[in-house]
Amino acid sequence: MRRKFFRRLMASTLLMLLALGATAGLGAWQYTVAYRNDVVNTVAARAAVDLSKVSKVGEYLAESNYGQAVTVSGFLDCSAAFAVDFDSTRAAWDVCKLNLADGTAVAVAFAEAPSGLAEETKVNGRIQPAHSVTAMPARYEVAASVPAINTDDLVLRWQQNVHDGYIAATQIEAAPNAKLLTESLFTWPPVGIQMRNLFYAWQWWIFAGFTVFLWAKFTLDDYRELISNPRRNES
């Protein structure tokens, strides 16, 4: 009879599966924590706030505020809009100036801006970081088309204090027919990788592999003993 062997096999297999499920699950949880996928979801779900709450003139936009929904009122001037012409993989954008009550301005980006619009309006959108922080050349010339949005370029172009980055408009009262940017183009806080949690994830998965190794070794040794000593295992 080989009942003893099969009882041990069933018991060890059950313990192995329980340990495997626990270690694999803990590894998956640590992997999720390492990549912090919840960061973007949290920012996306935040209620809209006034632009002044997240952006100050003369300060870089904080990474934690990338993609924050904002609302701001001002005088939208698209009479001298300029194009941001990236490359062949992305269509060009139009950028207009929104003059604020305090004399500063903020750039507003559209897939296609309303032509020549210049009036008081309210803009809802998501605040975005500048594409480039490269210093402007000593001899600056205003260009109708640029390869990236640069805050220094905005300051020199408009000759006034400008908020860092730009607003990707999602709704605008004075121009309901303007073509807006799609959400897939928005920039969100950099999730990054928490290396400590990533190492924890790998550690748990190594434990899971070791669990399977021990179970296989135990089962194989038990089976070899059964084959080599059949009478000893009869009961």
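Start by selecting Thr 151, which is buried, with a relative accessible area of 12%. The cut-off for calling a residue buried is under 20%. As you look around, keep in mind that this is a predicted model.

**Stop 1: the surroundings of Thr 151**

Thr 151 sits in helix 3. Show its side chain together with that of Asp 164: a polar contact of 2.6 Å joins the two.

**Stop 2**

Next, select residues 151-158, which make up helix 3. Colour Thr 151, Asp 153, Leu 154, Arg 157 and Trp 158, because these residues of the helix are buried. They cover an arc of only 155° around the axis, so they lie on the same side of helix 3. Here is a handy rule for reading the view: an α-helix has 3.6 residues a turn, so residues three or four places apart point the same way.

What do the buried residues of helix 3 pack against? Bring up strand 2 (69-84), strand 3 (93-99), strand 4 (105-110), strand 6 (145-146) and strand 7 (162-172), and you have their partners.

**Stop 3: the two ends of helix 3**

Go to the start of the helix and select Asn 150 and Asp 152. A side-chain oxygen of Asn 150 comes to within 2.8 Å of the backbone nitrogen of Asp 152.

Is Gln 159 buried or exposed? Its relative accessibility is 62%, so Gln 159 counts as exposed. Look at its backbone too: Gln 159 has a positive phi of about 55° although it is not a glycine. For background, most residues other than glycine have a negative phi.

**Stop 4: a pair of helices**

Finally, select residues 3-35 for helix 1 and residues 195-228 for helix 4. Two packed helices are described by the angle between their axes and the distance between the axes. For helix 1 and helix 4, the angle is about 170° and the axes are 7 Å apart. Helix 1 and helix 4 are therefore roughly antiparallel to each other, as angles over 145 degrees count that way. Sorted by class, the residues in the contact of helix 1 with helix 4 are 24 nonpolar, 8 polar and 2 charged.

Note on methods: Residues are numbered from 1 along each chain as its sequence is written. This is a predicted model: local features need pLDDT of at least 70, side-chain atom pairs count only at pLDDT 80 or more; totals for chains, interfaces and linings use all residues. Side-chain values use heavy atoms; hydrogens and water are left out. Buried means under 20% relative accessible area, exposed over 50%, partly exposed in between (1.4 Å probe, protein chains only). Helices (H or I, at least four residues) and strands (E, at least two) are DSSP runs, numbered from the N terminus. The arc is that of the directions from the helix axis to the C-beta atoms. Contact means heavy atoms within 4.5 Å. A polar contact is a pair of N or O atoms within 3.5 Å; within protein, one must be able to donate a hydrogen and the other to accept it, and residues adjacent in sequence count only if both atoms are side-chain atoms. Axes are lines fitted to C-alpha atoms, for helices over the stretch in contact, and angles run from 0 to 180 degrees between N-to-C directions. Angles under 35 degrees count as roughly parallel, over 145 as roughly antiparallel, 65 to 115 as roughly perpendicular and the rest as oblique. Ala, Val, Leu, Ile, Met, Phe, Trp, Tyr, Cys and Pro count as nonpolar, Asp, Glu, Lys and Arg as charged, and the others, Gly among them, as polar.
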